[in-house]
Amino acid sequence: MEPAIAAIIYANVETNLQLFNSGEQASKVLTVGLGNFVGTMGGTGATLVVPFIFLLFAKSKQLKAVGKASFIPVSFAVNEPLLFAAPMILNPYFFIPFLLTPVVNVCLFKFFVDVLGMNSFMYVLPWATPAPIGLVLGTGMGILAFVLAAVLIVVDFLIYLPFCKAYDAVLVEKEAQKAEVIATEEGASADVREEVPVAASQVISDANKEINVLVLCAGAGTSAMLANALKKGASESKAPISAMAGAYGSHYEMLQDFDMVVLAPQVNSYYDDIKEDTDRLGIKLVATKGAEYIGLTRDPEKAVQFILNQFQ
């Protein structure tokens with residue numbers, strides 16, 4: 001949507017600065033800062049407070065882990081780890097707050113500008129600036145800007161909290177019901193991890209070739225996290241693995257150079273489309289889930305083992 005209104009939102013920033021310099025209120029609400037630091041605080045859906053809710057109030061292991069893994073990137077408006085690991089995308093528990101929170105934030109900002117006389121955005125800052133800081137700096141560091149930043153955090157917290165707790169309760173119940181099963185599976189997985197490396201390494205040794213892995217995501221950013229983990233893990237364990245990150249759509253020309261393709265959660269919906277090409281070329285294709293993907297990016301040894309297990 002932004003390209004369609006880019007001329008307006010940037011022109012309004014300049015107009016606001018001119019108004020401010022002439023002693024008038026910077027009153028143009030529709031600016032680039034409105035989207036970056038108000039409507040999408042912490043990324044799409046205004047999710048800045050969500051990782052902290054998970055950290056402070058969640059009782060399920062899944063949401064606590066997601067909170068720990070995502071609170072730093074979300075603070076800088078990169079919320080893909082949160083959206084796909086919780087998950088929030090296609091999750092009915094988050095449908096209402098995901099749509100409602102940005103709308104409420106924009107309405108509050110307009111109220112502060114139109115009714116209370118706060119200055120709107122008169123400076124353009126990088127989109128990855130933490131939202132409260134971007135809001136305060138972009139509007140000229142007025143007292144009302146500090147108040148609004150605090151109000152937005154509190155309001156967003158109150159909107160998301162009941163939905164997060166409802167989803168957390170469901171996960172806690174599932175974890176409790178399957179506690180014994182999970183413990184058994186973890187024990188079995190530990191045994192497999194001890195036995196598999198030799199067998200998998202033998203398979204690769206017999207083939208006498210390096211495994212070339214292509215990790216695909218929407219824009220080559222998230223995929224780079226796993227590719228880097230694989231490179232580090234392969235270097236430390238001397239595993240014959242090389243990895244490269246790519247964006248879905250730009251992979252067609254180089255697909256034949258790889259032995260395996262790993263799909264990040266963002267592009268899992270394209271699994272059937274790319275499988276036609278990988279089957280034709282004799283390439284292994286694996287799709288990952290949100291929590292699983294984050295775990296692999298954070299554990300190079302586990303990432304390497306994940307690849308080796310596919311070649312047993």
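Helices here are DSSP runs of H or I with at least four residues, strands are DSSP runs of E with at least two, and both are numbered from the N terminus. With that in hand, the protein chain has 13 helices and 4 strands.

Two notes on the source before we go on. This is a predicted model, so local features need pLDDT of at least 70 and side-chain atom pairs count only at pLDDT 80 or more, while totals for chains, interfaces and linings use all residues. Residues are numbered from 1 along each chain as its sequence is written, and side-chain values use heavy atoms, with hydrogens and water left out.

Let's start with the whole chain. The protein chain has 312 residues, and 43% of them are buried. Buried means under 20% relative accessible area, exposed means over 50%, and partly exposed is in between, using a 1.4 Å probe and protein chains only. The chain exposes about 16,000 Å², and carbon and sulfur atoms supply 61% of that. Those areas come from the Shrake-Rupley method with a 1.4 Å probe; for residues, only the protein chains shown count as cover.

Now contacts, meaning heavy atoms within 4.5 Å. Take the contacts between residues at least 6 apart in sequence: 70% of them join residues at least 24 apart.

On to the strands. Find E3, residues 260–263. Which strands pair with E3? One is E4, residues 284–287, joined to E3 by 4 bridges and running parallel. Another is E1, residues 211–217, which also pairs with E3 in the parallel sense, over 4 bridges. Pairing here needs at least two bridges found by DSSP between two strands.

Look at who faces whom. Met 260 stands opposite Lys 284 in E4. The chain gets from E3 to E4 through helix H11, residues 271–281, and this β-α-β crossover is right-handed. Right-handed means this: with the strands pointing away from the viewer, the path from the first strand over the helix to the second runs clockwise. Val 261 has Leu 285 as its bridge partner in E4.

Is E3 covered on one face or both? Both: Met 260 and Val 262 are buried on one side, and Val 261 and Leu 263 are buried on the other.

A salt bridge is a side-chain nitrogen of Lys or Arg within 4 Å of a carboxyl oxygen of Asp or Glu. The structure holds 3 of them. In one, Lys 275 meets Asp 279 at 3.3 Å, N to O. Both lie in H11, 4 residues apart, about one turn of the helix. Lys 275 is partly exposed, with a relative accessible area of 30%. Asp 279 is partly exposed too, at 49%.

In another, Arg 280 meets Asp 277 at 3.2 Å, N to O. These two also lie in H11, 3 residues apart. Arg 280 is exposed at 58%, but Asp 277 counts as buried because its relative accessibility is 18%.

Asp 114 is partly exposed at 45%, and Lys 110 is partly exposed at 43%.

H6 spans residues 95–114, and Leu 99 is in it. Leu 99 counts as partly exposed because its relative accessibility is 47%.

Last stop, helix H7. Which residues of H7 are buried? Ala 131, Gly 134, Leu 135, Val 136 and Gly 138 are. Their cover includes helix H2 (32–39), helix H4 (61–75), H6 and H8. After H7 comes Gly 140, with a positive phi near 95°.

Gly 142 sits in the loop between H7 (131–138) and H8 (143–177). Gly 142 is partly exposed, at 30%. The C-alpha atoms of Gly 142 and Met 118 are 7.5 Å apart, although 24 residues separate the two along the chain.
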